Amino acid sequence: EAHLHCFKKKDLNIPDGVKVNFYSNTNKSGDSYVWTLAKRTQQLIKEGKQNEKKYDLIFLDGAHVYDVDIAATCYLKEMLKPGGYIIFSDMTWSLEESFSCNTRKNRAKYTNEQMTTRHVSLIVDTLARTDKRFKEIHINNYSIRNDDNDESVFEKLHD
């Protein structure tokens, strides 16, 4: 029986026999799903289970900004079982191109380079493609949401 943990509730077509857990955070600017991942990791360490791999599949459709998703990626890579897959969504997204994020507040918070950079792509380039425990999977015309093949998929080969 599969068990799926999610950090964002969406309309999902869940197959029979798959359990889904949804984790969420508040709307406070310093609260994110990374806090939940950190607390979960801390609990596993206290229980002596920090080496237990929990996930067969991780779909990271996160905050899309480097400072949040880099930490999430570090935790999630360690939680993934060998033979499991991690999918990074929104590889081509940038703050500048986002209607809701290209704001005066964000332009004051981020440099021009950070506004134009594709944050998830930067994370994938530096943390997934360089990790010899992972192999990028290329699937022709693959996209979870059928929107411009905006995901990258990696299989974890070993710990």
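1. Basis of the note. This is a predicted model, in which local features need pLDDT of at least 70 and side-chain atom pairs count only at pLDDT 80 or more, while totals for chains, interfaces and linings use all residues. Residues are numbered from 1 along each chain as its sequence is written, and side-chain values use heavy atoms, with hydrogens and water left out.

2. Overall make-up. The protein has 5 helices and 6 strands, which are DSSP runs numbered from the N terminus (helices: H or I, at least four residues; strands: E, at least two). Read from the N terminus, the order of the elements is β-β-α-β-α-β-α-α-α-β-β. Of the 159 residues, 35% count as buried, that is, under 20% relative accessible area with a 1.4 Å probe and protein chains only (exposed is over 50%, partly exposed in between). Among contacts with a separation of 6 or more, 61% join residues 24 or more positions apart; a contact means heavy atoms within 4.5 Å.

3. Helices α1 and α2. Two packed helices are described by the angle between their axes and the distance between the axes. The axes are lines fitted to C-alpha atoms over the stretch in contact, and angles run from 0 to 180 degrees between N-to-C directions. For α1 (residues 33-46) and α2, the axes come within 9 Å and cross at roughly 35 degrees. This crossing is left-handed, a term used if the near helix is turned anticlockwise from the far one by less than a right angle, whereas clockwise gives right-handed. On the α1 side the contact involves Y33, V34, L37, A38, R40 and T41, and on the α2 side V68, D69, A71, A72, Y75, L76 and M79. By class, this contact has 10 nonpolar, 1 polar and 2 charged residues (nonpolar: Ala, Val, Leu, Ile, Met, Phe, Trp, Tyr, Cys and Pro; charged: Asp, Glu, Lys and Arg; polar: the others, Gly among them).

4. Helices α2 and α5. Helix α2 (residues 66-79) also packs with α5 (residues 119-128), at an angle of about 40 degrees and with the axes 10 Å apart. The angle makes α2 oblique to α5 (under 35 degrees is roughly parallel, over 145 roughly antiparallel, 65 to 115 roughly perpendicular, and the rest oblique). The crossing of α2 and α5 is right-handed. Residues of α2 in this contact include Y66 and I70, and those of α5 include V120 and L127.

5. Among the buried residues are H119, I123 and A128. The cover over the buried residues of α5 includes α2, β4, α4 (112-116), β5 (134-137) and β6.

6. The aromatic pair. How many aromatic pairs does the structure hold? There is 1, where a pair means rings of Phe, Tyr or Trp (its six-membered ring) with centres within 6.5 Å; planes under 30 degrees apart are stacked, over 60 edge-to-face, and the rest tilted. The ring centres of F88 and F154 are 5.9 Å apart and the planes stand at 85 degrees, so the pair is edge-to-face. F88 belongs to β4 (residues 80-88) and F154 to β6 (residues 152-156), so the pair ties together parts 66 residues apart in sequence. Both F88 and F154 are buried.

7. Two positive phi angles. H64 is not a glycine, yet has a positive phi of about 75 degrees. H64 sits in the loop between β3 (55-60) and α2. D90, likewise not a glycine, has a positive phi of about 65 degrees, and is located in the loop between β4 and α3 (104-109).
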